[in-house]
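Here is a short briefing to read beside the sequence and the 3D view. Take the topics one by one and find each residue as you go.

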Amino acid sequence: MADRSKLPVPRPTPETQHFWDGTKAGDLLLQQCNDCSHVYFPPRPFCPKCGHREVSVVKASGKATLYSYVINHRPHPAFDGPYSIATVELEEGPRMMTNIVDVEQTPEALQLDMALEVKFEPLNDDITLPYFKPAGGAS
Ligand SMILES: [Zn+2]
């Protein structure tokens, strides 16, 4: 039986606290440069494109496409059987490492560029992890 408590627990830092507050509230938060409008992830206090230090927090749509993945066959107590380690490309542009859930973990089921949407799963009282699942499906 999958036991997500066996996953390493991310530790929020002052730079990433807003992101974890967001996932806990059901929002996927990115940052956007106030100067060049570049939207980026992971969180950092300056724009990775132009270096500008005034940035805003923006809410992502939660929509993404599957950019790349590997299927890990080494057993992990947090997952039932093989599991994907994926990079998804968010609608807003940034890419994010995640797991694809609610779908068979096979190359037949996991098609590159398939439409995905975020699914939040609490890991503990403080941390809620963003996973992605096929868009438009049940649950
Ligand atoms: Zn910028």
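Two strands pair if DSSP finds at least two bridges between them. Strands themselves are DSSP runs (E, at least two residues), numbered from the N terminus. This is a predicted model: local features need pLDDT of at least 70, side-chain atom pairs count only at pLDDT 80 or more, and totals for chains, interfaces and linings use all residues. Residues are numbered from 1 along each chain as its sequence is written.

**The open sheet**
- Three strands form an open sheet in the order β2-β1-β3, with antiparallel pairing.
- β2 (39–40) and β3 (55–59) are at the edges with a single partner strand each, so one side of each has no neighbour in the sheet.
- Five antiparallel bridges link β1 (residues 29–33) to β3.
- Leu 29 sits opposite Lys 59 in β3.

**The nonpolar core**
- A nonpolar core is a set of buried Ala, Val, Leu, Ile, Met, Phe, Trp, Tyr and Cys residues joined through C-beta atoms within 7 Å.
- Buried means 20 or more other C-beta atoms within 10 Å of a residue's own, exposed means 12 or fewer, and partly exposed is in between; C-beta atoms are placed from the backbone.
- The largest core has 13 residues, and Phe 132 is among those that touch the most other members.

- Most residues other than glycine have a negative phi, and most peptide bonds are trans.
- Ser 37 has a positive phi of about 70°; this residue is exposed, with 11 other C-beta atoms within 10 Å.
- Phe 41 and Pro 42 are joined by a cis peptide bond.

Note on methods
Helix = DSSP H or I, 4+ residues; strand = E, 2+ residues; numbered from the N terminus.
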